Amino acid sequence: MENIAAKLLWTFLGLLIVLNWGMLKTSIVRKIVARVGGRYGIRWYQPWINLIKLYGTRGQLSHGVMFYLGPVFRIAGGVGLFLFMPLIFGDPRWSNFAFAGDLILLLYFKFFGMLGMALGAGEGGHPYSAIGVSRGLSQYTTVEIPFTLGIIALAVQYDTLSLTEMVAAQQGGIANWTIVTNPIASAALLFSMLGIFMHAPFDLVKAPNEIPIGPPTEYHGSYLGVLRTNAAIMHITEAVLFMNLLFGGANNWIELIIKTFLIYFITVFIGVVFPRFRIEQSVRFFLGVPLILGILAIILIM
Amino acid sequence: MKNKLFNISPDRSKYPTIGKDGKPEIDLSSGKFVKIWQGPNHPGVTGNMSLELTVSGDEVVDAKTHVGYLHRGFEKLFERRKYIQCFPTSIRMCVPEADSNEYCLAVGTEKLAGIDVPDRAKWLRMLTLEMSRLQMLLRIVPGQGGTMGLGIGVQWGMYLRDLILDRFEELTGGRIYHMYILPGGVRGGLPEGFETRLEENLKDIEKFVHRIDNVLYQNAVFRKRAMGVGYLDPSWVDEYGVVGSNARAAGFKRDVRKDNPYLFYEQLDWEVPIKTESDIYTRARIRWYDLQVTIDLIRQILAKIPKTGDVRAKTPNVMHWKIPAGQTYVKSESSRGEFGFFMVSDGTDKPRRINLRGPSYTHAVPLLERMLINTNIADVGALMVSLQTCPPEIER
Amino acid sequence: MKEILERINQQFNCSAHEHQPENLSWVQLDKKQLVPLLSYLKHTENFSHFVLLTAVDWIENNEFQLNYLLTNHELHQDIAIRVMIPRDEPEMITAHHLWQQIATYQREINEMYGINFPNSPRVNESFLLEGWEGIPPMRREFDTKKYSEETFFPRPRQEGKDPQTHMKQKLYPDEE
Amino acid sequence: MSEETKHNNQPENTEESNKFPKEHLQKRTVYSPDGEKIEIDPLQDYYLQDRPERRDPRYRVVEKFLNWARSESLWILGFGTGCGSIELPPLTTPRFDAFRFGIAMRPTPRQSNVFIISGYMSIKTLKRAIRSYEQMPDPKYVVALGSCTINGGMYFDSYNTINRLDKYMPVDVYIAGCMPRPEALIAGFNKLKQRIKEGRAEGANEYVQRFDEYKANQKQIIKDWNMPDYNW
């Protein structure tokens, strides 16, 4: 894999697969939520139609440069996260640009898109955007603490900051997965996963009945299309991150799809049966049990 | 807020400071406050109305409700219409629960004209009123969860509501607007096999009652969000004229069906559920009990409806029916509380004045403006639904 | 209830009251005595629940009728107080300090009938209408059909059955 | 006419007391985030007088494909303007489930492309509806529900509701009835889909073309154009 052009091509192909799997996942999520409610649900190809329609919107307006750049930052964050995420273990074609310190970079990229979005949504000028941004940032800050503590615990446990090496250490059956070998750090990470995917009860940012629909209130047309594209990539990539950290990575695409699906659906199933928290309740939640678990994980690993 | 050790939120009950004129002292130019207009196309606002909120951080410090988006001038239109022509118009006054309108208008007309209604018609009227209350409660009980993002209860409830609307369609021919109750009686008897089909639906609804208890009322997050929030002080009940389930949740036994029994409600065996906590959770819980009571009442009514007999007393030609002069006030219990019509007749074939007093008139304007102060902005929608505000009956 | 009405009669020298079946009584009195009566009913006779305030336009007598309806939740009795005010001088004493919701009713009546309630809070704010000019719409002389035809581009009527003759033929054939 | 003068001799400050502070209505200069200088005359702004841009379809084949996508993804603005909105929730619930046909509800006008005028429009709502309509991105479609949008219906003689919606905004599909059943709504959506696929649903461009006429009609009945900067 000396040839950078070939490497880029494989990465691009991976991005396409992840994007389409993300879109399909969106429609499956909607279908499952609909079935719980007793409905038939949307057609499985509906997200693609929506995307085409959004990119084909004629009338678009901008509230300023930062408004325009918000979705760009967001998708830069999503693609950046993807670029350094090893997808499939043992296959250099699908490990993207993973390197020795990629875990730190991934943490950075996860926050990057959110900040860009915050700036862009703020320029939209709508107060609900501002409320959504402040909610999102304060919740994310508290989610980050148990998440980072859990990651540090794992880094100490495996003595590496490379995701690929972490996956390598988990090979050889379920008994070697982090969720079995280090359950406390895993629990902290799973709690913070609920906050990262932002399904109920932690869907405060988009809360449709309170602040319809938070930061993207003013985004329309292809801005929204970019955001939707990013959401499809981002959700799958984040699920891949948790898969690599806790569930032993994937050896082929089918394994990846099944594992990301199940990981993502932990949050969806919780979301279906819970209403949402208020922001101070959400913050208090993450500063409670998940934080204690995170600290405990650090203490135990020392 | 039982656990004081971890209670980090400051006591804000004295905030904002109240000025000499009784209004909160708010200086918008200080930059500490933001004005937020919620509605009319805000999905959290019930129906078509809007709120003007002044917020400090996440907290509402001053609120005004703006209504009139649905004002059609019904009370003016009634002056131009004959009594029978008022019926199709009147049912549009409160859209979600239309039968209370036609019942009150019919009874008011009968009172003024001095007509006696056959017994069978009275039982049928009770049946439609209770079915109408049932379909409204099926909307509002899970709707309380819907305001907080719990959508599945709403889906189940709306499906069952559609079943009740099917029964209405069988009985009256209309889904939402029935025009079934007319002066002198009702438009027709029960169709063949109606009772068994309704009984099947009631069985489904009973299952739903237990499911929604598990999903909503036992839900940890819902309890956390709804308990202790949106407190309605019992002293406000008289001060603001609170009626119905909101008053019942504050410990007042207010139910027109018990207080001033109309139709044959005296012959039925039931109890008015009362609680005293008076927060969003309690009000939602009271509606859940109401739902069970309503199912029970419909069963009792179905068992007692006479199979034969007149459904409508003989009236003169309604197109030139002169009602004797007089004034009256008719009230009935809707799912939201006391629902009254004030009627004035001047001896002609058109009413002089018909005034609707809906419970939302006080619940959604003065009471809501008071209750929104010191509320978190996330709870505004939940509070509105828990007060069961219904804009069309405010504006008419 | 009879005792209460007698006490009211003695104290307030009312002009008339009739008793209707089903727990509704009527009191008619002068506009100056209204607030004392409301206050008396609320604090002494336990009519704690204010139901509605509404106006009726008697254009032929050149009068507005204001109705205050109260409920006693212990006796389950309603009492309706009727106050006539002259149409030339549409002004009424405010009662907003007794019950909170009266201010809202007064706001609506001020908008719909043009009856002024001095010192009532926010009474001049528009309540249901927005940018309304001209006669208050609920007054009898305001012709809503004419206004609608002049303002809202009516669609021409379709030819159809006249409901009056139709009903006579189908429903009441034996009537003259 | 003596009554009219009676009503008008209320205190002088009635107009200002309820709405906005006086300074909000005065002309002023503001700077946009990009440093652009903007002169604002609020009373003029509230009239929404700027003529929107006309955006014609360009490439026929591409447009045909996009029209198919648009017709299969109808995002409704969740703005219940009248009593017809009571039949909108059943659309999203198990019995009728309009999601099957690509119909979804969006809470903000920026993201929706179908505006359902659910029933009669009072003047106060019409003002907000026009604002919402103008905020929606092009292409946008209007579905008018109920007979009250066609000829006033039950409220033909009301002083506060409009009689004909098509005098104030271009309407694509009318659904008659009071109220129309959810099945009728779905049939109406199918009609709208057909119209979009045929490329005949160019309501936004029609609005631009006949902008002066629509604005004149709107101004004739909406006397008070004062309103907040956003409304959802």
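In chain B, three strands form an open sheet in the order β1-β2-β3, with antiparallel pairing; helices (H or I, at least four residues) and strands (E, at least two) are DSSP runs, numbered from the N terminus. Two strands pair if DSSP finds at least two bridges between them. The edge strands, each pairing on one side only, are β1 (34-38) and β3 (59-66) of chain B. From one strand to the next, the twist averages 20°; axes are lines fitted to C-alpha atoms, for helices over the stretch in contact, and angles run from 0 to 180 degrees between N-to-C directions. Strand β2 (residues 50-56) of chain B runs antiparallel to β1(B), and five bridges join the two. I36(B) has L53(B) in β2(B) as its bridge partner.

This is a predicted model, in which local features need pLDDT of at least 70 and side-chain atom pairs count only at pLDDT 80 or more, while totals for chains, interfaces and linings use all residues. Residues are numbered from 1 along each chain as its sequence is written, and chains are lettered from A and ligands numbered from 1 in the order in which they are written.

The axes of α8 (residues 183-197) and α10 (residues 253-272) of chain A come within 10 Å and cross at roughly 75°. α8(A) is therefore roughly perpendicular to α10(A), a term that covers angles of 65 to 115 degrees. Where they meet, M193(A), L194(A) and F197(A) of α8(A) face Y264(A), T267(A) and I270(A) of α10(A); two residues are in contact if their C-beta atoms, placed from the backbone, lie within 7 Å. This contact has five nonpolar residues, one polar and no charged. Here Ala, Val, Leu, Ile, Met, Phe, Trp, Tyr, Cys and Pro count as nonpolar, Asp, Glu, Lys and Arg as charged, and the others, Gly among them, as polar.

Another helix of chain A, α4 (residues 102-124), has 23 residues and reaches 34 Å from its first C-alpha to its last, close to the 33 Å expected at 1.5 Å a residue; the expected span is 1.5 Å times one less than the number of residues. After α4(A) comes G125(A), with a positive phi near 85°.

Chain D touches both chains. Its contact with chain A takes 32 residues from chain A and 23 residues from chain D. On the chain A side, α2(A) gives the largest share, five residues. Chain B contributes 30 residues to its contact with chain D, and chain D contributes 33 residues. The largest share of the chain B side, four residues, comes from α5(B).

Note on methods:
Angles under 35 degrees count as roughly parallel, over 145 as roughly antiparallel, 65 to 115 as roughly perpendicular and the rest as oblique.
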